[in-house]
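The stops below are given in the order in which to select them.

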Amino acid sequence: MTQLEGTGVMRTRICSVDEIPPGTTMQCQVGGRSVLVANVGGTFYAVDEECTHDGAPLSDGDLEGPTIVCPWHFSRFCLRTGSVLESPAREPLRTYAVDTNGGEVTLLTTPAGTGVDPQVR
Ligand code: FES
C-alpha cells in the first residue's frame, strides 16, 4: 500500500489485470475490508464484498454485466454506483476507484478505508 503524495489517497495493488478475466470477479482484502473486484468487459469495478442485506459473500454471486446478484436472497447491486437495483437489500454497497494503468489492478482508498472518486487517479 502506498500513499499518493499530498492527497491522502492510498493505492493498494491487488493483482495483474490478467488475473481477473472479463466476466469474472476476485475477492481481496484491503485495509481490513473484504472487497470484490469485477472485470466487466475490460472495465474494472470494486465494491464491498459483503451483501448489505444479511452479509452474504458477493464473490459467490452471479455477475450479470455491471450487476452483481447476491447468492442468498438475490438482491441486485449496480457495480458502478453500489446502488441497490432489486431488494431485499436496502443499503448500497461501498464503491472503490480502480486504476488499471500499467496492467496492474490497483484500488484507491482514503486512509479511513472509504472509496475515492474515480476521477482521482
Ligand atoms: S444476504 Fe444478500 S440479499 Fe440477503
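**First stop: Glu-64**

Select Glu-64, which counts as exposed because it has 12 C-beta neighbours inside 10 Å. The cut-offs are these: a residue is buried if 20 or more other C-beta atoms lie within 10 Å of its own, exposed if 12 or fewer, and partly exposed in between, with C-beta atoms placed from the backbone. Residues are numbered from 1 along each chain as its sequence is written. The model is predicted: local features need pLDDT of at least 70 and side-chain atom pairs count only at pLDDT 80 or more, while totals for chains, interfaces and linings use all residues.

Gly-23 and Glu-64 are 41 residues apart along the chain, and their C-alpha atoms are separated by 8.1 Å.

**The sheet around E6**

Glu-64 belongs to strand E6. Strands (E, at least two residues) and helices (H or I, at least four residues) are DSSP runs, numbered from the N terminus. Colour E6, E7, E8 and E9: these 4 strands form an open sheet in the order E6-E7-E8-E9, with antiparallel pairing. E6 (62-64) and E9 (84-86) stand at the edges with a single partner strand each, so one side of each has no neighbour in the sheet. On average, neighbouring strands of this sheet are turned by 30 degrees against each other, direction ignored; axes are lines fitted to C-alpha atoms, for helices over the stretch in contact, and angles run from 0 to 180 degrees between N-to-C directions.

Within this sheet, select E7 (residues 67-69) and E8 (residues 76-78), which pair in the antiparallel sense over 3 bridges. Two strands count as paired if DSSP finds at least two bridges between them. Ile-68 has Phe-77 in E8 as its bridge partner.

Move to E3 (residues 25-30) and E4 (residues 33-40), an antiparallel pair with 6 bridges. Gln-29 stands opposite Ser-34 in E4. The two strands form a hairpin with 2 residues between them, and Gly-31 in the turn has a positive phi of about 55 degrees.

Continue to E5. E4 and E5 run antiparallel and are joined by 6 bridges; Asn-39 has Phe-44 in E5 as its bridge partner. This hairpin also has 2 residues between its strands, and Gly-41 takes a positive phi near 60 degrees.

How many residues of E5 (residues 43-48) are buried? The count is 5 of its 6 residues, so to speak a mostly covered strand.

Finally, select E10 (residues 95-99), which runs antiparallel to E5 and is joined to E5 by 2 bridges. Here Ala-46 has Tyr-96 in E10 as its bridge partner.
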